[in-house]
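Biologist: I would like to go through this model one feature at a time. Please give the general idea before each case.

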Amino acid sequence: MFLSAKTKQIFVDFGDHVVLVAKTSSATAPFVVEDIRECPPGDQAALVEALSAMQTQKNAGGLTHANCSVYTSKRVIRKIPLDNKRLKEPNYLNELAGQQLRIDPEKYTLALLNPVDGSEYDMVKASPKDAIFCGLPTEDINGIQDQLLTSGIYPERLELGTVATVGALVDYLTLTQAKAPVLMLEIDADSTNSFIVTQTGLEASRPISQGLEAMIPVVQAELGLKDAESARKLFLSNAFDFTGMGPALIKKLIRELQSFIGFYEVQTGQSIGQIVCTVLPSKLGWVEETIASQLSVTVLKTDLASWLQTRQITLADSLPAATQDARRFGLFGLMAQYGNHAPNS
C-alpha cells in the first residue's frame with residue numbers, strides 16, 4: 001500500500017558526486033525527515049530503487065512527484081552591481097549579463113534575486129544596489145526535465161542547488177550569530193564557484209577556472225604515473241592519502257582564492273573566518289582541510305540538526321544528527337521555508 005502523496009514529500013538533490021533522495025512526513029513544515037538515501041550519480045537503477053523504497057504514491061503515468069535541485073556545469077550565480085539609472089532600459093540587464101557573465105543571455109533562463117534574502121529583486125525600488133544573477137541554459141533545463149521524466153520523476157519544483165545551499169548557509173549563520181564571513185566553495189570538475197557569505201546575505205561571488213581536473217596532472221607528475229586516467233582513478237578513490245601533497249595540488253586554486261578574498265577584505269575591512277566546501281565527497285575531505293590551512297582559516301563545523309529545528313524540521317531517529325554534514329546544506333535548503341526562526345527546543 002502506497003503512502004498518501006498529500007502527506008508525504010520527496011526531495012532529490014542531484015550532486016556531481018552523490019544524489020540525495022529524502023522523504024518527509026509533509027510537504028510543508030513542521031515535518032519529519034523520515035528517510036535519506038544516497039545514490040551514485042548516473043546510476044539509474046539505484047535511483048529507481050531509492051524512490052521505490054520511499055513508498056510514495058505515483059500518478060497515473062507512474063511518476064514520483066518530487067522537489068529537485070541540480071548543479072549543472074554551466075550554472076551561473078553571481079552578485080553584480082547594478083546601475084539603477086539604467087534599470088528601465090529594455091536591454092540593460094541582457095547587456096549586463098553578457099558582459100559580466102560572459103554568456104548569451106538569450107540562451108539562458110535567468111532570475112534576478114535580492115542578495116540579502118534571496119527574494120525576487122524589486123525593479124521598482126531598485127534596492128539594494130547589487131543583485132544576484134542566477135540561472136542556466138534553457139536547453140539544459142529542457143534536457144534535465146527530460147532526464148527526470150525518464151528516471152520516473154515529475155519535478156514539482158526545480159531549483160539550482162547552489163541557490164538553495166547559499167540560502168541555507170545564510171540562515172544557518174544567522175542562527176549561530178556568526179561574526180566573521182564564511183568562504184563557501186563548490187569545487188566541480190573543471191571550475192570552482194566561490195562565495196563569501198554572512199548572516200546578512202551573499203556578500204561576494206567569483207567563478208574560478210580551477211577545479212578537481214586541474215589537480216590530476218600534478219598527481220600524475222608527483223607520483224610518476226603513466227597516464228592521466230590512472231592518476232584520476234587514484235585521486236578519486238579512497239585508496240591513497242593525498243594530504244601530504246595537498247598544498248601542491250591546490251596551489252593554483254589557492255592563488256585565485258587569495259586574490260578573491262584579498263579584494264573583498266580591502267573593500268569591506270572584514271576578514272574571512274572559516275570555509276566550507278559543500279559538494280565535495282567525504283573521501284576528498286582533505287581538500288577542504290588543506291585549503292583552510294593554506295588560507296589560515298578554520299573549517300566551518302556545522303550542527304545542522306539544531307538549525308533544522310528552528311525551521312520546524314525534525315530528523316527521524318534513524319538519521320543521526322552527527323551524519324548530517326555540510327554536504328547536505330543543498331538538500332535541506334531545498335526543504336526549508338524561511339521567515340522568522342522558531343524557538344529552538
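Biologist: Which residue stands opposite Val 33 in E14?

Modeller: This is a predicted model. In general, strands of a sheet pair through backbone hydrogen bonds, either parallel or antiparallel. Here Leu 315 in E14 is the residue opposite Val 33. Strand E14 (residues 313-315) pairs with E3 in the parallel sense, over 3 bridges.

Biologist: In which sense do strand E2 and strand E3 pair, parallel or antiparallel?

Modeller: E2 (residues 19-24) and E3 (residues 31-39) are antiparallel, with 6 bridges. Ala 22 faces Ile 36 in E3 across this pairing. The two strands form a hairpin, with 6 residues between them.

Biologist: What is the order of the strands in the open sheet of 3 strands?

Modeller: The order is E5-E7-E6, and the pairing is antiparallel. Strand E5 (76-81) and strand E6 (108-113) are the edge strands, each pairing on one side only. From one strand to the next the twist averages 25°. Between E5 and strand E7 (residues 130-137) there are 6 bridges, and Arg 78 stands opposite Phe 133 in E7.

Biologist: Which helix packs on that sheet?

Modeller: As background, in a regular strand the side chains alternate between the two faces of the sheet. In this case helix H2 (residues 92-101) packs on the sheet and touches E5, E6 and E7. The direction of H2 makes about 110° with that of E5.

Biologist: How should I read the crossing of H5 and H6?

Modeller: Start with the angle between the axes, where 65 to 115 degrees counts as roughly perpendicular. The axes of H5 (residues 216-223) and H6 (residues 228-236) cross at roughly 100° and come within 8 Å, so the two helices are roughly perpendicular to each other. From H5, Ile 216, Val 219, Gln 220 and Leu 223 meet residues of H6, among them Ala 228, Arg 232 and Phe 235. The contact has 7 nonpolar, 1 polar and 1 charged residues.

Biologist: What is the volume of the largest pocket, and which helix gives the most to its lining?

Modeller: Rolling a probe the size of a water molecule over the atoms shows where empty space is left. The largest pocket here has a volume of about 610 Å³. It is lined by 34 residues, and those closest to its centre are Asp 117, Gly 118, Val 163, Gly 167 and Tyr 338. H4 gives the most to the lining, with 7 residues. By class, the lining has 17 nonpolar, 12 polar and 5 charged residues.

Notes
Residues are numbered from 1 along each chain as its sequence is written. This is a predicted model: local features need pLDDT of at least 70, side-chain atom pairs count only at pLDDT 80 or more; totals for chains, interfaces and linings use all residues. Side-chain values use heavy atoms; hydrogens and water are left out. Axes are lines fitted to C-alpha atoms, for helices over the stretch in contact, and angles run from 0 to 180 degrees between N-to-C directions. Helices (H or I, at least four residues) and strands (E, at least two) are DSSP runs, numbered from the N terminus. Angles under 35 degrees count as roughly parallel, over 145 as roughly antiparallel, 65 to 115 as roughly perpendicular and the rest as oblique. Contact means heavy atoms within 4.5 Å. Ala, Val, Leu, Ile, Met, Phe, Trp, Tyr, Cys and Pro count as nonpolar, Asp, Glu, Lys and Arg as charged, and the others, Gly among them, as polar. Two strands pair if DSSP finds at least two bridges between them. On a 1 Å grid over the protein atoms alone, a cavity is a set of points where a 1.4 Å probe fits but cannot get out, and a pocket is an open set with protein on both sides within 12 Å along at least five of seven lines; lining residues have an atom within 4 Å of a point. Grid points are joined across faces, edges and corners, and a volume is the space filled by probe spheres set on the points.
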